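Hi,

Here is the structure I promised to pass on to you.

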Amino acid sequence: MLKFALAGNPNSGKTTLFNSLTGSTAHVGNWPGVTVDKREGTYKKLSVPVAIVDLPGIYSLSPYTPEEVISRNFILDEKPDCVINIVDATNLERNLYLTTQIMEIDVPMVVALNMIDVVKKSGDKIDAKSLETQIGLPVVEISALKEEGIQELMERAYAAAQKKREGKTVLEGSPLSHVINDVRIALKGKGVENPLFHAVKLTEEDELEVKDHPDEMQMVEEFKKQFRDDTFEGDFEAMVADERYKYISAHFSQALTHSEKKDQGALTKSDKADRVLTHRVWGIPIFIVILFAVFHLTFGEDLLYLNAIFGFAKDVGDGYAVNTGNDVLNAFVSVFYSTAGVSTPGAILFNLMGFITDQLGGLIATGLENAGAAVWAQGLVNDGIWGGVAGVLSFVPQILVLFLFISILEDSGYMARVAFILDRAFRKFGLSGRAFIPMIMGFGCSVPAAINTRTLADEKERIMTNRVIPFFTCGAKAPILAAVCGGIAAHYTNMPLSADVLVFLLYLFGMVMAVLMVMFMRQTSMRGEVAPFIMELPAYHAPQFHNLMVHLWDKLKHYIKKAFTIILASSIVIWFLSNFNWEWECLTVAEGEISRMNESILHDIGSFFMWICTPMGFGLQLGQYGWVFVVAAVTGLIAKENVISTFYVLAGAIGVTVLGVAGEDGESGIGVIAAFLASEDVGITWQGLIAFCVFNMLTVPCFAAAATVKGELPKGKFRWTIAFWLLTSFLTATAIYLMFTWWWTAFIVAALIALVVAYFILRNKGKINFHFKKSKKLQE
Amino acid sequence: MFFSLLSAAGTVVTVVIAVAAVGIVAATLIFHFIRKKQGKTGCGCGCSGCSGCSSHRERKEKAKK
């Protein structure tokens, strides 16, 4: 099968084109560096199927980071039948720099002028035919987003792939052409493939080439001795780059005509927006306000706090704000309008899903009872299978709303600005803005976020970022926060903080912990300079409906897949362990009877580890069913959604005690947490619940994320990372529990933190330095 | 007659539930074992944009070589 590679600058639209060509739904984002590894698909609209390989974005073929090496090696070693060079037409000159490098490789090539629609809209013109004549390669105007010019591009690429092509350089007339030609002939004589490309790279003194071709390097050294030009003080790499840009500006840029009407000095709409959104002072507060708005619209129950201000929603009986006389209808109306006020979009979808799962759960339970299934089988289906899965699924709509907003921020180009404004604020504390990009991706899933750390050139920064990525609450942890905060707000009705504010504060707390931990590591095991951060800020654009739907579809697929595989299986196993004792006797009891779960295998296992969780507020101080929190925290290691499904399964099994207290709220996840708070047999406090959330946010992530982080870390660093996660989560959750339970302990915690900070400040000023006595052997 | 039929139906439903539960757990374990063998992370993160699976496999293959 023919193989075409897509190569180009970061954020030039390669992945958008890849999706258009192959029908894939690969993640696209309006920031540079979304793709960090190559991926393959097939284009089937030509006479023969063609494999399309999407390569990570690169600015040049001089590799510095791992993903740049991937792109370079693929073009050189895998020998694609054609390279489709995607050029961002709105930034022609800079993008053609890479084109002049790929041209030097003996590979058929086509240039795709992407975003041509944006160029035309701005009033500029690009003469593609003139550019084609100047470059000597086929040039096709396309819009990957609007899927325009794609067929022509593929036909011309197919035609180009039928012929052999020899590399060509724009450095022909430069002062370096002599040495380049000599080295090329020498390499060709040795049978080296792509001799022109290697000759140019040797002239640039590219590290990899110098290692591979030491003999030819001597020719370059000889030339260098005779060469007299002090403009670049003997830096041939800079000289080659300068020659390329000179050529581009003299020959290729002529194809671009700027609009006469266009005032070159005027600010674009993006520039004007950036004046506000990336403001030195207001940039971070604006980001926090935007983030809060997202959480309010997702988790809030009182839209824009209208009810809190005007107080129009009243309980007209049985906890409903509207009484139609029909219970089911009342429950349905309360999906949109309850005693809390008018529901936010997230709350409406959550309530609706809860309403559906409640009705379905009721039907299943009645069906099984009528069919005469055994009591244990009814318990297994109602609590184990349906309870666990429905518990997780009921949060799916809310999580989708959250991701819709995050995707809008990503696709519009705002998230790239967030990295920029955070870089400005945190650089002095040892964090670069580049590291924030994978961290922000961690809001979605820690797995792709950890993979994205490959774009970080500095190894220490890569290690630190991998360690703190799980602190950015992912989609799987969001239901834990939503359920716990919703439960606290539902139980303590007089509490001043609503569920959305609590969730927002916990998300923010995760981010603050990430920054603090990076600062701490910078002062201890990861000392060093912060890598420079240069990022091209993409222009703002309206989020594409198709992209947003693709993101949401990916998330939905992820949840459904997980709910019906790992979560379903885990729920069954948990139900089994909580309903059988060591003698394999079934402990399931009929409704109304006293639960025997405290004789179960799971009770014994959970109780054994309760002492560890005692300092965090969910250990030995809890009641006879308190061990459910230990079990939930452990099952969360398999998949974080398991925490909620475990609560559901176990609440069902001890239902006689817990759900009896739950009252009207009955089956929803929030109801379960509120019921735990109300139950003396569980005995959890809100302080313990907050500490439980903090522990889950900061501890070892799910197995998949931990395995990915292991793959991204240098050898020997993973075990320290595990210790770091365990220790950070344990100490932080303990401090949170202590401070919220006994306010005066805040002074002790503050004093300890102040001591550590004072030590680092004094040490950095050189006023403290601990010298440990060396042993005699070492001194010798 | 009616009660014995009902009891038989109850037994069938119970057996089906038991078999399904064991089947689900076994199938999930086998599915994850196969994915692990294929070098995929099994995270099921759902994003086709997640290149984790393929890259992990390649890394392992390279390490073997």
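Into which domains is chain A divided? Chain A has domain 1 (2-161), domain 2 (177-257) and domain 3 (302-343), with bounds that come from an automatic or database domain assignment.

A word on the ground rules. This is a predicted model, where local features need pLDDT of at least 70 and side-chain atom pairs count only at pLDDT 80 or more, while totals for chains, interfaces and linings use all residues. Residues are numbered from 1 along each chain as its sequence is written, chains are lettered from A and ligands numbered from 1 in the order in which they are written, and side-chain values use heavy atoms, leaving out hydrogens and water.

Now to domains 1 and 2 of chain A. Their C-alpha centres lie 25 Å apart. In contact (heavy atoms within 4.5 Å) are 25 residues of domain 1 of chain A and 24 residues of domain 2 of chain A. Together these two domains bury about 2,300 Å², 57% of it on carbon and sulfur atoms; buried area is the accessible area (1.4 Å probe) that two parts lose on being put together, summed over both.

How many salt bridges are counted between domain 1 of chain A and domain 2 of chain A? The count is 4, a salt bridge being a side-chain nitrogen of Lys or Arg within 4 Å of a carboxyl oxygen of Asp or Glu. A:Arg72 also forms a salt bridge with A:Glu209, with the closest N and O atoms 3.0 Å apart.

Happy exploring!
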